[in-house]
Each structure stands twice: as structure tokens, then as C-alpha cells.
Amino acid sequence: MKALRLIFTIMAALLVMEGCESDFHIDGEAELVVEGWIEAGGYPVVIVSQTIPATSDNQGFDQIDSYMMLASVVISDGKNTMSLGQSIDPKHYPTRYYTGYNFKGEEGKTYTLTVKCAGITATASTTIPPSVPIENARYEAIEGQPDHYRVFIDFKDPSDRDDWYKIYTKVENKDNIFNSAPEGVFKDSDLATEASVEVKQGACVPEFKTRQYYESGDIVHIKLCTTDELLYNYWRNFEEVTSLSRNPLFPITVNAPSNMKGAKGYWAGYGLSEIELTIP
């Protein structure tokens, strides 16, 4: 799962100058940014960086790694503590991030993140909510466009609790990582109990090329993540900013919600359901 806070910051700067994320600043000292998540059944991933000033000298996505920060990163589940080490993976984006393999995320558990960097201590806690299983994935041909398809997933939204959802996608041989699906964040009050939602392709990172439709031969991996209300609001903010930032009448000056203390960003726990779909 990729974190988008740093990317959000750079996109805002790029789009404003060219006239996609909020929480950027024109000048002043850089601020610490922490982006992290832990999925049910997965290992934690944390990216430590800093805000990037929206100046003409900072316009390239290839500069993102230069804003990565060395830090002490520790996660605790209340009983066990794990120090994360820095990994470098050219297929990941950004290429440098922190992870550890002592334990995986579990539904219902609360995880505390502590990051120490450049004299700053940042902390946050998150609880992994129950997952909601994907029951089916399907595709539909697009009329008038041979070999192009839309994709949908079906699932049952539990009626005895509140749920917030986020979708990620990865297409084999086209994506190295899971990308955030456009319009892929919603709450259960917007859904029927027998829910069916369209799964749009996430922008290809790092090129950020948007592929509107799926094609014949695509092997599509889909993650349906459950999260909490704060992270839902974060991704809703992301969706709004990426939309409004293309309109010069709307400035991008609002901060996205954050559960971090001492830094900007987020620490997210995700319930997880995953499915694979092959389009012939």
C-alpha cells in the first residue's frame, strides 16, 4: 500500500504552478511528515520525509527520495515492540521506507507508532478494524470501445456497525505497487447492504499516468480496505483536492486531517480483503 502524503504535497505544488495534495507551504522551515500503515496480515510500512516548499526549484517527482529522512521508527502493539529498519526498493515509490518483520497486523489490535527524527518525536495510534470480504469481482465491456472494460466488486456491508472503505488496485506488468483508486473512498451510509462499487484504476506511480479503463489481458489485484472515520476524511480530502486543484478558481491551502502528534501525515490501520480478476 503506498502512502500519499509526500506525493500529495508535491502534486499540489506542481499543479498550482502549472495552472495533486493539500498541506503545502510556500516558504518557512520544512516540517516532518510521517506516512504509515499496517494491514491485517501484513507488515508495517512507514515513510519519513519533510514538507516540500512550492517553488520553481522543486517540480520533479524524481526528487522525492531527496526528501526522505533518517529516523528511529518503533511500533508497539501493547505487548511487543518492533524497531523498523530502512529498506531500499527501486520498485517501491518512494524507494526508501521503513518496515519490520517481527509481527504482522491483526484485526482488533491497536498499534502505536513512535518516530524520532531531527530532534522531533512524533506519535500516533491506530486500530485495525474488521475486514469486509469481497464476494465477487466482475468486468463489463464498454460499448464502442473494443477490448476496454470497467471493473466492479460486490460485497455485503455489515449492518451492525459503521464502516469506512478505501480501494487500491494493481495491474500485473503495469504497476509495481498498489495505487489509490480514484473515487475509491466511501462510507457505508452511502451504500446498500448488498453493495456494488466500480473499481477505477489507480494512477501509475511514479509517472502518475491515469489509465481510464482496463484492457483485455489485464490481471487486476484489488484491495478493499476498512479504516476509521479520520482516515476516511483524509482520503475524501485527497479526492477533493485532486479534483479542485485542476480548477484555478479553487486554491489548495487546506490541511488534510491527521492523527499524528508532532508531525504531519497519518498512521493507518487497515482491515483487508483482496481479490484477483483476469480480463480475457
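Contact here means heavy atoms within 4.5 Å. The structure shown is a predicted model.

**View 1. Leu113 and its contacts.** Setting aside neighbours within four places in sequence, Leu113 is in contact with Val34, Val46, Val73, Val74, Ile75, Ala122, Thr123, Ala124, Met260 and Trp267. One of these, Ala124 in strand 7, stands opposite Leu113. Leu113 is also among the residues with the most contacts inside the largest nonpolar core.

**View 2. The largest nonpolar core.** This core has 23 residues. Those with the most contacts inside it are Val34, Val46, Val48, Val73, Leu113, Val115 and Trp267. Two or more residues come from each of strand 1 (32–39), strand 2, strand 3 (72–76), strand 4 (81–88), strand 6 (110–117) and strand 7. Strand 6 gives the largest share, four residues.

**View 3. The hairpin of strand 6 and strand 7.** Strand 6 and strand 7 pair in the antiparallel sense. Eight bridges join them. Two residues lie between the strands of this hairpin. Ala118 takes a positive phi there, near 50°.

**View 4. Strand 2 beside strand 5.** Strand 2 covers residues 45–50, and strand 5 covers residues 96–99. The two pair in the antiparallel sense over two bridges. Val46 stands opposite Tyr98 in strand 5. Val46 is also listed among the residues with the most contacts inside the largest nonpolar core.

**View 5. The ring pair of Tyr43 and Tyr101.** The count of aromatic pairs comes to ten. Tyr43 and Tyr101 form one that is edge-to-face. Their separation is 4.8 Å centre to centre, with 75° between the planes. Tyr43 lies in the loop between strand 1 and strand 2, and Tyr101 in the loop between strand 5 and strand 6, so the pair ties together parts that are 58 residues apart in sequence. Tyr43 counts as partly exposed, at 33% relative accessibility. Tyr101 is exposed, with a relative accessible area of 54%.

**View 6. The ring pair of Tyr168 and Tyr270.** The ring centres of Tyr168 and Tyr270 are 6.2 Å apart and their planes stand at 75°, so the pair is edge-to-face. Tyr168 lies in strand 10 (residues 164–171) and Tyr270 in strand 15 (residues 264–278), so this pair ties together parts that are 102 residues apart in sequence. Both Tyr168 and Tyr270 are buried.

**View 7. Cys117 and Cys225.** Cys117 is buried, with a relative accessible area of 4%. Cys225 is buried too, at 0%. A search of the whole structure finds zero disulfides.

How values were computed. Residues are numbered from 1 along each chain as its sequence is written. This is a predicted model: local features need pLDDT of at least 70, side-chain atom pairs count only at pLDDT 80 or more; totals for chains, interfaces and linings use all residues. Side-chain values use heavy atoms; hydrogens and water are left out. Two strands pair if DSSP finds at least two bridges between them. A disulfide is a pair of cysteine sulfur atoms within 2.5 Å. Buried means under 20% relative accessible area, exposed over 50%, partly exposed in between (1.4 Å probe, protein chains only). A nonpolar core is a set of buried Ala, Val, Leu, Ile, Met, Phe, Trp, Tyr and Cys residues joined through side-chain atoms within 4.5 Å. Rings of Phe, Tyr and Trp (its six-membered ring) pair if their centres lie within 6.5 Å; planes under 30 degrees apart count as stacked, over 60 as edge-to-face and the rest as tilted.
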